[in-house]
Amino acid sequence: MKKKMFAALAMATLLITPAMAWEVAITKQQLPAEAQAFLKKNFAKNEVVVATHDKDVTDNDYTVILNDGTKVEFNASGKWESVKNKNAKIPASIIPVQIANFVNAQYAGANIVQIESKRFGYEVELSNDLELKFDKAGRCVGIDD
């Protein structure tokens, strides 16, 4: 009996999950205007290699991968949520000044390779694998090594 219940649950999950979420390839022009403006301002020299629109029941977002390996994630309205590039530093134009100043003062020589905009503030990963958390005012509130 338990095996039949488990099998039925597994089958229902497999049937329902694809109907709840899908990711489709799109062009740069199909991104929200705010996302297009962000890319033009901060990554004018880069080409979009892949852009996708990911829809599911609880989320609606966009992902862009650039020719230098940068991955940018946007919310449904086109506001950036995450910028990541393990091979190069993130453009200074994206990083709040207080965070850039803190990193330069405390971790000279380390580059910011990832920044995420969160509800509470920002999460930053440095090239030395150190992760820092900042509040909305740019004050460091946590360090994770």
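Me: Before we start, what should I know about the model and its numbering?

Reply: This is a predicted model, in which local features need pLDDT of at least 70 and side-chain atom pairs count only at pLDDT 80 or more, while totals for chains, interfaces and linings use all residues. Residues are numbered from 1 along each chain as its sequence is written, and side-chain values use heavy atoms, with hydrogens and water left out.

Me: How many helices and strands are there in the protein chain?

Reply: Helices (H or I, at least four residues) and strands (E, at least two) are DSSP runs, numbered from the N terminus. Here the protein chain has three helices and nine strands. Their order from the N terminus is α-β-α-β-β-β-β-α-β-β-β-β.

Me: What share of the residues of the protein chain count as buried?

Reply: Buried means under 20% relative accessible area, exposed over 50%, and partly exposed in between (1.4 Å probe, protein chains only). Of the 145 residues, 34% count as buried. For the surface as a whole, accessible areas come from the Shrake-Rupley method with a 1.4 Å probe; for residues, only the protein chains shown count as cover. The chain exposes about 9400 Å², and carbon and sulfur atoms supply 55% of that area.

Me: Which residues in helix α2 are buried?

Reply: Helix α2 spans residues 33-42, and its buried residues are Ala35, Phe38, Leu39 and Asn42. Looking down the axis of α2, you find them within an arc of 95° (taken from the directions from the helix axis to the C-beta atoms), so they line one face of the helix. The face turned away from the buried side carries the exposed residues Ala33, Lys40 and Lys41.

Me: And what covers the buried residues of α2?

Reply: Here we need contact, meaning heavy atoms within 4.5 Å. The cover includes strands β2 (48-56), β3 (60-66), β4 (71-74) and β5 (80-84). Contacts can be read for the whole chain too: among those between residues at least 6 apart in sequence, 37% join residues at least 24 apart.

Me: Where is Ile94, and which residues is it in contact with?

Reply: Ile94 sits in the loop between β5 and α3, and at 8% relative accessibility this residue counts as buried. Leaving aside neighbours within four places in sequence, Ile94 is in contact with Phe38, Asn42, Phe43, Trp80, Val83 and Ile115.

Me: How do I read the largest pocket?

Reply: Rolling a probe the size of a water molecule over the atoms shows where empty space is left. On a 1 Å grid over the protein atoms alone, a pocket is an open set of points where a 1.4 Å probe fits, with protein on both sides within 12 Å along at least five of seven lines; lining residues have an atom within 4 Å of a point. Grid points are joined across faces, edges and corners, and a volume is the space filled by probe spheres set on the points. The largest pocket holds about 190 Å³. Its lining includes Lys89, Ile95, Val103, Asn104 and Ile112. Helix α3 (residues 97-106) gives the largest share of the lining, three residues.

Me: What phi does Asp129 have?

Reply: Asp129 has a positive phi of about 70°, although it is not a glycine. Asp129 lies in the loop between β7 (121-126) and β8 (131-135) and is exposed, with a relative accessible area of 53%. Asn128 lies in the loop between β7 and β8 as well, and is partly exposed at 42%. Beyond neighbours within four places in sequence, Asn128 is in contact with Tyr107 and Ala110. Ala110 also belongs to the lining of the largest pocket.
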